[in-house]
Amino acid sequence: MKNADITSIYKALDDQYFMPAFSRNMAIVRGKGSIVWDGTGKEYIDCVAGIAVCSTGHCHPAVVKAICEQAHELIHCSNLYYVPHQGELAQKIVEITGMKKAFFSNSGAEASDGALKLARVRTKKKKFVAFMHGFHGRTIGSLAVTHKPAAREPFEPLGLPTTFVEYGNLEALKKAVDRDTAAVIVEPIQGEAGVIIPPDSFLEGIREICDATGTLMIVDEVQTGMGRTGKWLAIQHTKVEPDIITLAKGIASGFPMGALVARDGLEFTKGEHGSTFAGGPLACAASLATISVLEPLLPEIVRKGERLRQGLAKYHPRVRGLMIGVTVGDKCPDVQNECAEQGVLVNCAADGNLRLVPPLVISDAEIDQVVKVIDGALSKVML
């Protein structure tokens, strides 16, 4: 098969057999580090990284080795038995998050669902408060606390009474939270909204409101966690200690996995939660390898983000480590397409915001090329 034929073949099969839930026009067939190749053999610097997933880059040797070695031993056994690497990974996740107990899932949406279930079953309360433009997943449970009307409204009623308040508005939050609220769920940086960074002391204010009303604080670190902002968790840039934290995306370098971790006194008891595939041998092996690769990289992530900030300074980027947003407006899709033409993959999040979430292993030379391409694309399209 010639490279030029691959994308058209994928598209034909997709059109005929796959539900049309996605918009796409490119086939990515290979990746190494921060570089991917499409079906024609064209090379790109990948600043999408599977939507903040490929934290160690594509096909990192340590992750590939861990998956392959485990695949030779045991691929699956279910949670009816003790699972290879599961306890070891739970210990590591608890240590790096400062929480007490972990539970694994197959995705961020499942982690959100689990967090909501845990909040309900332990508090015996039914109501939740979430934030406008927040995103927590597409399952029925996680959609209930996801604000985006286009994603949520077609599936209502969703069964979890949720009040949405303006992100960053503590006065509105005080009015919404009462002693019948099970939890407030918040992203420390809103990712799908376009890398929206909250006002100073906002997260501390949520903690205070929750403490005053006996409400749990769930922090969604699905996109911001696992080193994305230069610490294991974005919430670790503050002194806030949440009750529950959710993780996914970068946790296993692209192997499907999520996790929720909770403080002392918050845990599922036997029979309250479960999953056939969650925390399987391959996922746990991939995650342990991912953590070992990321740990020494953490001090470099903020510096790399600052390099991007300085290069894009005239566009006033919002930057936290290697999580970058640039407001572009209606022409964002045109900028995205122009960047792809010039060999850099970026994506448009909500409200015309260009989002960059590259692999955390991206090099300085690659960063400089990304800046050059984005600058050129913005200059060309925004004229």
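Predicted model: local features only at pLDDT ≥ 70, side-chain atom pairs only at ≥ 80, totals over all residues.

Me: Start with strand E5, residues 127-131. How many of its residues are buried?
Reply: 4 of the 5 residues in E5 are buried, meaning under 20% relative accessible area with a 1.4 Å probe on protein chains only; over 50% is exposed, and partly exposed lies in between. Strands (E, at least two residues) and helices (H or I, at least four) are DSSP runs, numbered from the N terminus.

Me: Which strands does E5 pair with?
Reply: E5 runs parallel to E7 (residues 181-186), with 3 bridges. It also runs parallel to E6 (residues 162-165), with 4 bridges. Pairing takes at least two DSSP bridges between the strands.

Me: And what sits across from Val129?
Reply: Val184 is its bridge partner in E7. In E6, Val129 stands opposite Thr163.

Me: Switching to rings. How many aromatic pairs are there?
Reply: The structure holds 5. The rule covers rings of Phe, Tyr and Trp (its six-membered ring) with centres within 6.5 Å; planes under 30 degrees apart are stacked, over 60 edge-to-face, the rest tilted.
Reply: One of them is Phe131 with Phe202, edge-to-face, 5.5 Å centre to centre and 75° between the planes.

Me: Why does that pair tie together parts apart in sequence?
Reply: Phe131 is in strand E5 and Phe202 is in helix H9 (residues 202-213), so the pair links parts 71 residues apart in sequence.

Me: Are those two buried or exposed?
Reply: Both Phe131 and Phe202 are buried.
Reply: Tyr167 also pairs edge-to-face with Phe202, at 5.3 Å centre to centre and 75° between the planes.

Me: Where does Tyr167 lie?
Reply: Tyr167 is in the loop between E6 and helix H8 (170-176) and Phe202 is in helix H9, so this pair ties parts 35 residues apart in sequence. Ring pairs link Phe131, Tyr167 and Phe202 into a cluster.

Me: What about charges over rings?
Reply: Arg30 lies over the face of Trp37, 3.9 Å from the ring centre. The charged end of Arg24 sits over the ring of Phe18, 5.2 Å from its centre. The test is NZ of Lys or CZ of Arg within 6 Å of the ring centre and within 35 degrees of the ring normal.

Key:
Residues numbered from 1 in each chain as written. Heavy atoms only, no water.
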